[in-house]
Amino acid sequence: MNENPETGAPLPPHRTLTTYYAADEERSAYVRDVFDRSAKHYDTIEKIFGNGGLLYRRMSMRFSGMKPGMKVLDVAIGTAAVASNAAKIVGPTGQVFGVDPNRAMMNEARKKFDGPLTQGVAQALPFADDTFDFVTMGLALRHVSDLKAAFSEYHRVLKPGGKLWILEGHIAKSKIGYALTWLVWAKIVPGLTLLFTRSRDAKEFMDYYWDTVDQCVPPEEIVAALDSVGFQHARTNVTMPGAFCEYKGQKAEA
Ligand SMILES: C[S@@+](CC[C@H](N)C(=O)[O-])C[C@H]1O[C@@H](n2cnc3c(N)ncnc32)[C@H](O)[C@@H]1O
């Protein structure tokens, strides 16, 4: 991987996962392919949890300071799980933009989200500096090639005072907590996914979800990376142990 001159050494979100691809250079192509194959099942997986994840996203974004009238960028929009809820918060006086590298996921997003959609990656956002009041990213941090490059881009496109909200998977640290998290996310959820979708591709996607969350760099490194690109108040909090955590930060006021 090439070094990013602006942000120093790259920080990949996890080690090479050879069960899925042979070398780091093949990771992006694998990620594109797995989402191509599972896009039509993504919302079914949300439904297994009674769409509770959608309500959670809305409540958490509101709690984190998203308000009516704001201009929001949802990075890795996927099927619009975050963006459609952000649109409800910002209302008619605000606007939500979505960006994602994957056309199949954005085609699913289009069924329920009518804001602007742009093809692109977190590490090179196709937007001008100081554009957004709020940047969001739901369950996609593990798919970028370089965390620092992505964070640097989030900081660049935020207006002074703008806020960042990132939702990620969480694994409990204690022995028993880890065992329970593994049982739920490595066994039960992929099993239920196969049962409800009848799709091996969708199950593979949930297997990959667990492996990337399990192998993700530790929260302290992610917070340090946010801090290193200039975010103020960079922090993480565990919102649902064994399920979700969040990363937040704010661009300095002008
Ligand atoms: C698990 S989905 C998350 C969708 C949605 N944000 C949510 O909260 O459910 C992950 C999304 O990340 C996208 N993605 C993969 N690599 C990316 C990158 N480098 N930059 C931005 N998005 C990426 C995928 O195409 C996919 O749509």
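Modeller: Helices (H or I, at least four residues) and strands (E, at least two) are runs in the DSSP assignment, numbered from the N terminus. The model is a predicted one, in which local features need pLDDT of at least 70 and side-chain atom pairs count only at pLDDT 80 or more, while totals for chains, interfaces and linings use all residues. Residue numbers start from 1 along each chain as its sequence is written.

Biologist: How many helices and strands does the chain have?

Modeller: Nine helices and seven strands are assigned in the chain. One of the helices, α3, is followed directly by G65, which takes a positive phi of about 110°.

Biologist: What radius of gyration does the chain have, and what would a compact globule have?

Modeller: The radius is taken over C-alpha atoms, and the globule rule is 2.2 Å times the number of residues to the power 0.38. For 254 residues a compact globule would have a value near 18 Å, and the chain agrees with its 17 Å. Along the principal axes, the C-alpha atoms fill a box of roughly 50 × 40 × 35 Å.

Biologist: What share of the residues is buried?

Modeller: A residue is buried if 20 or more other C-beta atoms lie within 10 Å of its own, exposed if 12 or fewer, and partly exposed in between; these C-beta atoms are placed from the backbone. In this chain, 43% of the 254 residues are buried. Of the contacts with a separation of 6 or more, 69% join residues 24 or more positions apart.

Biologist: Which residues of helix α3 are buried, and which are exposed?

Modeller: A general point comes before the case. An α-helix has 3.6 residues a turn, so residues three or four places apart point the same way. In α3, the buried residues are G53, R57, S60 and M61. They lie on the same side of α3, because their arc around the axis is only 100°; the arc is that of the directions from the helix axis to the C-beta atoms. G52, L55 and F63 are exposed on the other side of α3. The buried residues of α3 pack against α2, α4, β4, β5, β6 and β7.

Biologist: Which residues of helix α5 are buried?

Modeller: In α5 (103–110), M105, M106, E108 and A109 are buried. Their arc around the axis is only 155°, so they are on the same side of α5. They pack against α1, α2, α4, β2 and β3.

Biologist: How many of the eleven residues of helix α6 are buried?

Modeller: Ten of the eleven residues in α6 (147–157) are buried, so the rest of the structure largely encloses this helix. Among them are K148, E153 and H155. The cover over the buried residues of α6 includes β1, β4, β5 and α9. P10 itself lies in the segment before α1.

Biologist: Where is A80 found, and is it buried or exposed?

Modeller: A80 is in the loop between β1 and α4, and it counts as buried because 29 C-beta neighbours lie inside 10 Å. A80 has a positive phi of about 80° although it is not a glycine. D130, also not a glycine, has a positive phi of about 55°. D130 lies in the loop between β3 and β4 and, with 13 C-beta neighbours inside 10 Å, counts as partly exposed.

Biologist: Which residues are closest to the ligand?

Modeller: A residue is near a molecule if its C-beta atom, placed from the backbone, lies within 6 Å of it. Here 19 residues surround the ligand, the closest being A76, G78, A81, N102 and G138. The shell around the ligand comprises 14 nonpolar, four polar and one charged.

Note on methods. Two residues are in contact if their C-beta atoms, placed from the backbone, lie within 7 Å. Ala, Val, Leu, Ile, Met, Phe, Trp, Tyr, Cys and Pro count as nonpolar, Asp, Glu, Lys and Arg as charged, and the others, Gly among them, as polar.
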